[in-house]
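Visitor: I'm new to this one. Can you show it to me, and then we'll go through what's there?

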Amino acid sequence: MKKITASILAAAALCACACAEESPSGPLTLPQTIGAVLARYPSIDAARAAIDAARARTMQSNADRLPQVSAQAGYSYTSLRPYVALSIPGMPPGAIYESIQNSYGASITARQLLTDFGRTDRLVDMVRSGQVSAQDALEETRHQLGYQAIQSFYSVLLLRSSVDVAREEIAALEEALRIAEKKFGAGSATKFDVLTTQVRLANARNRLTDTSASLEKEENGLRQLLGLGLGAPLALTGDFDAGAPALPESVAISDGLVNRPEMRLAQDDEQTARLRQDAANRGARPTIAAQVTGGVEDGIVPNLYDNKGYVAAGLTLQVPIFTGRRLAGDRMEADAGVRSAQAHERELYDTITTDVANAYSDLNAARARLASAATLVAQAREALDLAQTRYANGVITNFELLDAQSSYRSAELGRLQARYDCVLARQAVARAAGLPPAQ
């Protein structure tokens with residue numbers, strides 16, 4: 001009993017250690033987020049199952065090249081039937097039965113394909129090519145999920161920062177409203193100042209509500225990718241690394257044409273189609289096989305059927321003569337499959353080139369917006385400082401101060417959005433070039 005208890009405790013400790021390794025403590029970084037998504041998402045398991053199914057199909061197709069052994073056994077019972085009686089003078093009477101009353105037999109047959117002049121070999125190669133395609137499909141799934149996790153991760157960071165900016169704006173407006181109401185009570189401000197501040201505060205609260213709702217949806221989407229339940233804590237740490245360099249455009253295009261999972265899948269499809277075409281062209285070739293059968297038969301009517309064992313061996317030659325145009329249809333279908341795969345590759349060539357060009361266009365635009373956003377924030381900050389000084393000296397109205405505050409918050413959000421766009425544009429360049437998802 002003590003040994004059983006110790007074993008249970010040891011297993012529980014191992015499980016706890018494994019869970020601790022799978023679930024990193026503290027906020028998730030971007031690489032940890034990507035790793036967690038790729039380790040747990042069901043689409044990855046489905047892609048791995050597709051690889052196992054492809055391996056099984058390879059085993060099935062290879063079976064025709066291996067010896068095939070089958071066993072047969074039978075037993076029959078026949079009731080007594082009419083017989084012919086014989087009476088020959090000088091000899092004892094006799095009779096001839098129509099059938100054996102009881103009989104059984106057992107046999108084992110072995111068949112080995114000697115050659116079909118390469119047709120089975122091509123079929124096996126074709127199925128094995130499907131196994132390679134399944135592996136490339138797994139990589140494509142990993143790419144899609146990885147970049148989806150990147151976008152979701154940065155979207156959550158953006159919206160959380162936007163919520164913080166919105167709350168700062170609301171706090172500033174609430175303070176402005178308090179001052180305006182105080183001045184209105186003292187007779188140094190008008191009702192218009194109070195109403196204007198109240199309207200701006202209500203609009204800011206509405207924007208916070210919309211931004212918070214968007215944040216909640218993005219967090220739920222990231223929780224789904226991570227395999228977490230709704231409402232589970234989601235601690236993230238990271239920043240918008242907008243300054244990291246991207247690949248040169250010419251290199252990104254050449255890499256994309258080689259590394260993109262879609263292109264590899266298209267090339268796999270063409271290879272499979274060509275093997276199918278070769279197998280279809282060999283469909284009219286003869287098949288030569290060897291067969292050996294051994295067994296035993298017995299009948300239970302004395303003097304008519306003695307126990308016997310036997311062995312039979314031979315070669316079979318099978319030549320298709322007329323197949324109802326099936327072979328011609330197979331060849332036509334295989335030829336069409338090759339043309340379709342080649343057309344898909346040409347389409348992907350143009351698509352990848354366009355994807356890279358568009359990603360660089362977005363990246364250049366995002367970098368330009370980021371540069372102007374930094375200047376705009378500095379100018380808006382300076383304008384706000386001047387407005388606060390002038391407002392304290394009674395030179396400008398509360399309405400003008402609120403305009404300066406609103407301009408500064410808008411500039412902050414614009415810079416935040418530009419940094420977000422720049423990061424995503426860099427990731428889009430990496431994805432178009434076929435690079436694995438990474439920070």
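Guide: One term to start with: a polar contact is a pair of N or O atoms within 3.5 Å, where within protein one must be able to donate a hydrogen and the other to accept it. Also, this is a predicted model.

Visitor: OK. Which side chain does the side chain of arginine 260 make a polar contact with?

Guide: That of aspartate 355, at 3.1 Å.

Visitor: And where is arginine 260 found?

Guide: Arginine 260 is in the loop between helix H6 (249–259) and helix H7 (261–281).

Visitor: Is arginine 260 buried or exposed?

Guide: Buried, because its relative accessible area is 6%, and the cut-off for buried is under 20%. Leaving out residues up to four places away in sequence, arginine 260 touches Asp255, Ile352, Asp355, Arg431, Ala432 and Gly434.

Visitor: What comes with Gly434?

Guide: Glycine 434 follows H9 and has a positive phi, near 80°. Helix H9 itself covers residues 398–432. Its 35 residues should span 51 Å at 1.5 Å a residue, and the end C-alpha atoms are 50 Å apart, so the two agree.

Visitor: Switching to the surface. Which residues make a nonpolar patch?

Guide: Leu317, Val319, Ile321 and Phe322 make one of about 530 Å². Isoleucine 321 sits in the loop between strand S6 (308–318) and helix H8 (326–392). Its relative accessible area is 80%, so isoleucine 321 is exposed.

Visitor: How many helices and strands are there in the protein?

Guide: There are 9 helices and 6 strands. Of the 439 residues, 33% are buried. The protein exposes about 25800 Å², with carbon and sulfur atoms supplying 56% of that.

Notes:
Residues numbered from 1 in each chain as written. Predicted model: local features only at pLDDT ≥ 70, side-chain atom pairs only at ≥ 80, totals over all residues. Heavy atoms only, no water. Helix = DSSP H or I, 4+ residues; strand = E, 2+ residues; numbered from the N terminus. Buried < 20%, exposed > 50% of the residue type's maximum accessible area, 1.4 Å probe, protein only. Contact = heavy atoms within 4.5 Å. Expected span 1.5 Å × (residues − 1). Patch = residues over 30% accessible without salt bridge, like charges linked within 9 Å, V, L, I, M, F, W, Y side chains within 5 Å. Areas by Shrake-Rupley, 256 points an atom, 1.4 Å probe, with all protein chains shown as cover. Salt bridge = Lys/Arg side-chain N within 4 Å of Asp/Glu carboxyl O.
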